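Subject: A structure for you to explore

Hi there,

Here is the structure I promised to pass on to you. Have a look around it first, and then read my notes below.

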Amino acid sequence: MMPWFLALLLCCICTRTKVSGFSSRSSIIKYHHRHTHGPKSTTSLSYAIVYPDDEPSEPIDPIALDLAEDANREVTKMMMWAEAMGVQRGEGCTLSPETNDMNKDVHVVAKQDLPNGSPVFYVPEELILSSNKAMVEFRYSDNMVEEFLLAESMEIAEGMIYSMEKESEIRHFYLMLKILKEVEKGKDSAWFHWLDSLPRFYSNAVSMSPFCLLCLPPLMKKLAEEERENVNCLVSSIKMVPFLSDLIKDHPRDICNWAYQVAYTRSIETEDGDLRIVPVGDYFNHGSEYTEIDYSFDDEGNYYSYTSYDVPAGSSLRISYADPKNPSFLMTRYGFLDKACPASFCKIMPDDVNEEMVELGYSYDRMLFYSTGEVAEEVWDVILYSNLGLSGEIEDQQALMNAYRQGDSDTKTMLHEKHYQATSTTLMEHIDMFLEELDKLIAKANTVGSERTYVAYEHPRLPLIIEHNIFVRDTFLNVRNRYFVESDTNWIEATRVTVMECNDEECAQAECVQDLEGNYACEGGLGINEDGSERATSKDIIASY
């Protein structure tokens, strides 16, 4: 095996061509995005991290990486390694570590104004970890006997994954295996310094204590259980791989779990289905409302990232990890709470969801409560459909489906107004029940919350869970306050209100606007009878502005 320092020296020599290639390749970025900005010449990497004066002492653990949760991340050495291995950056971006917290959060920021289309990072293909490349590495060999043994070994490990119906996770399995084999090589691994820069502490579902799981609301608990089932399956399969050492498989630091975290939180999926981890390119944080970074791969597999708009100095440079309207998934998988999420799942989880409900929009990314207090149309449609089925009003239920399929908004509106009282009551009962459940979960979490030392060592993820539950609670309260205002609300306090007018037979929505003299003029509603009396026997404000 070639010593790592010799490989590094050879890479430095070869990098010279890649350095000049970065300047010329930046024209590819300019061409695709029609920009004229970019580094005029190759610049060396710079970063706001202090260089260590002395080499750390050798760890007692035979594993070269210190994977303790409080271990410091060696980000500076990683950046030195990256430069030597051919990684290049455009001018004006750097890594910004939280140096007072063991580099727990290190991310990319703009240190100067970056015009739209500015190159940020170039990473050569040979440095990128890939599920496709890992499959080739661990399934095939030039030696026929060795390849037969490899195929036999991997068939057993993969068989366990298939037996648990987790075949969609095969790609992550091979990424995990690649990471573990490189950890096993220690300082001889070409990726050692990158591995040594990665997070050790996570706050996602895989890292939560059993008590933390008891403090999760239903959807997040369901997602957390699925995630933990997932890691148990893949780790069990990893332990069936004979060419991975027992020291790695059974290490007290749970190295296999750590490899799972790396594979699932740092990989990106390409159009052809490959999962890739791009060293240095994996340091972008997540953005919900908008993202500052676009990225692409050229035909040779080299990675390019560039700004997606004019970015002011001091801004974080971000990509999107997943659907921004699902903060529970982001926290379950990645371990952070994104308060910029514009909406979240309404938490309506029927025991039986049929095909027509799915057609109407029943899914986690469409059944939404918005942070503004608005309710997605799909929520109203699914509740109405469900209520009509429960009450046996099959004719109206099918009329709703037909109106949806034909795009007949008038008929849909008529059905919603006709059944508004029942629909709104169902929604309000759901909101009140869920708010009560959240209050209980918050109280349960707070039973140990006062013991800060205990929380820090036994349940360090608990404060984030409480914060998540309060965030969801605030969203539900916004919805309740928007649609279910108390009956004694003073209309004069609002300039515009939406009113639901009802009698014993039907309901209709009215929009009322206040004039300069304080009087309200309304359009819609049930109207008046022939004798001039109002048809509505009740009027409820469902929104005020």
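To start with, which kind of link do the side chains of Lys-178 and Glu-182 meet in? They meet in a salt bridge, with 2.8 Å from N to O. The term stands for a side-chain nitrogen of Lys or Arg within 4 Å of a carboxyl oxygen of Asp or Glu.

Before going further, a word on the source: this is a predicted model, where local features need pLDDT of at least 70 and side-chain atom pairs count only at pLDDT 80 or more, while totals for chains, interfaces and linings use all residues. Residues are numbered from 1 along each chain as its sequence is written, and side-chain values use heavy atoms, with hydrogens and water left out.

**Salt bridges**

Back to that pair. Lys-178 and Glu-182 both sit in helix α5, four residues apart, which is about one turn of the helix. (Helices, H or I with at least four residues, and strands, E with at least two, are DSSP runs numbered from the N terminus.) Lys-178 counts as buried because its relative accessibility is 10%, and Glu-182 is buried too, at 2%. As for the words, buried means under 20% relative accessible area, exposed means over 50%, and partly exposed is in between, using a 1.4 Å probe and protein chains only.

By this rule, the count comes to 30 salt bridges. Another of them joins Arg-461 and Glu-69, whose closest N and O atoms are 2.7 Å apart. This pair links distant parts of the chain, 392 residues apart: Arg-461 is in the loop between α17 (452-458) and α18, and Glu-69 is in the loop between α1 (4-33) and α2 (75-84). Arg-461 is buried, with a relative accessible area of 6%, whereas Glu-69 is partly exposed at 38%.

Arg-171 and Glu-269 form a salt bridge as well, with 2.9 Å between the closest N and O atoms. Arg-171 belongs to helix α5 and Glu-269 to strand β6, so this pair ties together parts that are 98 residues apart in sequence. Arg-171 is partly exposed, at 22% relative accessibility.

**The largest pocket**

Rolling a probe the size of a water molecule over the atoms shows where empty space is left. In this model, the largest pocket holds about 1300 Å³ of space. Of the 50 residues lining this pocket, the closest to its centre are Tyr-202, Thr-265, Tyr-321, Tyr-334 and Phe-336. Elements that give two or more residues to the lining include α5 (170-185), α10 (255-266), α11 (327-334) and α18 (462-483).

Here is how a pocket is found: on a 1 Å grid over the protein atoms alone, with a 1.4 Å probe, a pocket is an open set of points with protein on both sides within 12 Å along at least five of seven lines, and lining residues have an atom within 4 Å of a point. Grid points are joined across faces, edges and corners, and the volume is the space filled by probe spheres set on the points.

The lining residues divide into 24 nonpolar, eleven polar and 15 charged.

**Helix α11**

Seven of the eight residues of α11 are buried, so this helix is largely enclosed by the rest of the structure. Among the buried ones are Pro-327, Leu-330 and Tyr-334. The buried residues of α11 pack against α8 (218-238), α10, β8, β12 (343-345) and α18, where contact means heavy atoms within 4.5 Å. After α11 comes Gly-335, with a positive phi near 85°.

**Strands**

Two strands pair if DSSP finds at least two bridges between them. Strands β14 (residues 496-502) and β15 (residues 507-514) run antiparallel and are joined by seven bridges. They form a hairpin with four residues between them, and Thr-498 has Glu-511 in β15 as its bridge partner. Next, β15 pairs with β16 (residues 520-524) over five bridges, again antiparallel. Gln-514 stands opposite Tyr-520 in β16. How many of the five residues of β16 are buried? The count is zero, and the strand is hardly covered.

Enjoy exploring!

Definitions and conventions: Ala, Val, Leu, Ile, Met, Phe, Trp, Tyr, Cys and Pro count as nonpolar, Asp, Glu, Lys and Arg as charged, and the others, Gly among them, as polar.
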